[in-house]
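Colleague: I have not looked at this structure before, and I would like to learn how to read its features one at a time. Could you take me through a few of them?

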Amino acid sequence: MPANVSRRTFVAGVSAAVATSAMAMAASPATAGRTRPAKPTVVLVHGGFADATASWSGVVERLQERDYPVIAPATPLRSLPSDAAYIASLLRSINGPVILVGHSYGGAVITNAAASAPNVRALVYIAAFVPDTGEALGQLITKYPGSEIQAALNPVPYPNPDGTTGTDLYLQADKLRQVFAADLPASTTKVMAATQRPFSAACFTDLTQAAAWHTIPSWGLIATDDKAIPPALQRYEYQRAGAQTVEVAASHVAMVSHPDLVTQLIVDADRGTR
């Protein structure tokens with residue numbers, strides 16, 4: 001310490017320097033970033049005939065590049081009540097807000113599941129069913145013409161745990177691309193046909209128990225070349241739900257053929273509810 005500087009003056013000077021440095025750090029971009037609200041977890045729910053990997057890989061990668069935490073669970077595809085209960089249990093395990101996204105049948109699942117999940121901040125529907133309470137998907141699919149999915153189905157019986165017989169639905173391999181994913185390469189749709197998940201026919205007759213879109217803001221993507229869920233039905237459902245919508249010339253699997261657009265819609269839903 002210099003001889004002409006008192007200890008009290010020296011300590012005061014050091015304290016001031018430390019305080020100034022701390023203020024500078026607090027104002028720096030790196031430190032300021034730590035105070036920003038955490039991004040919500042995005043939960044991506046696939047539909048029938050598919051799995052989470054084939055459905056959501058491109059969207060998962062893009063969301064992760066934007067630093068969103070993402071979960072893409074495997075939906076059992078056994079019944080609407082049990083599938084919704086399963087997804088609801090997953091939502092309860094997540095700390096913090098959730099953006100809940102559903103494709104096709106997954107739209108019905110999230111509609112029911114989110115009704116008992118207070119952390120869901122927004123619903124995003126991708127070429128999806130958006131039923132109201134008391135509605136069955138088998139009724140909705142016939143509301144407007146244009147679906148070719150029924151003629152492409154291959155029903156396969158399976159045993160239920162109680163000894164009764166259920167029916168699983170598959171898409172015929174030679175028709176899957178035409179009715180499900182016409183804008184994807186044939187090499188991709190051949191793999192989708194070989195790896196499709198069994199989809200219980202009960203999911204089309206089960207009634208919706210709760211419709212979360214009555215109280216949760218929603219967004220929707222309309223696939224205008226969809227041969228599974230008619231675009232007219234998508235528009236009707238989204239308008240009824242008061243959803244903010246975008247349209248794209250895409251097949252039923254718009255999240256696979258247009259992952260950038262789907263990702264941006266999810267980001268828009270996040271921003272729109274902050």
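**Reading a strand and a helix pair**

Modeller: Gladly, and please keep in mind throughout that this is a predicted model. Let us begin with a strand and its neighbours: in β2, the bridge partner of V42 is V70, while in β3 the partner of V42 is I99.

Colleague: How many bridges join β1 to β3, and how many join β1 to β2?

Modeller: Five bridges join β1 to strand β3, residues 98-103, and the two run parallel; two bridges join β1 to strand β2, residues 70-71, again in a parallel arrangement.

Colleague: Which residues of β1 lie on each side, and are they buried or exposed?

Modeller: In a regular strand the side chains alternate between the two faces of the sheet. Here T41, V43 and V45 are on one side and V42 and L44 on the other, and all of them are buried, which leaves both faces of β1 covered.

Colleague: Turning to the helices, at what angle do the axes of α4 and α5 cross?

Modeller: The axes of α4 (residues 80-92) and α5 (residues 105-113) cross at roughly 65° and come within 8 Å, and the crossing is right-handed.

Colleague: Which residues meet there?

Modeller: From α4 come L80, D83, A84, I87, A88 and L91, which meet Y105, A108, V109, N112 and A113 of α5. By class, the residues of this contact between α4 and α5 divide into nine nonpolar, one polar and one charged.

Technical notes. Residues are numbered from 1 along each chain as its sequence is written. This is a predicted model: local features need pLDDT of at least 70, side-chain atom pairs count only at pLDDT 80 or more; totals for chains, interfaces and linings use all residues. Side-chain values use heavy atoms; hydrogens and water are left out. Buried means under 20% relative accessible area, exposed over 50%, partly exposed in between (1.4 Å probe, protein chains only). Helices (H or I, at least four residues) and strands (E, at least two) are DSSP runs, numbered from the N terminus. Two strands pair if DSSP finds at least two bridges between them. Axes are lines fitted to C-alpha atoms, for helices over the stretch in contact, and angles run from 0 to 180 degrees between N-to-C directions. A crossing is left-handed if the near helix is turned anticlockwise from the far one by less than a right angle, and right-handed if clockwise. Contact means heavy atoms within 4.5 Å. Ala, Val, Leu, Ile, Met, Phe, Trp, Tyr, Cys and Pro count as nonpolar, Asp, Glu, Lys and Arg as charged, and the others, Gly among them, as polar.
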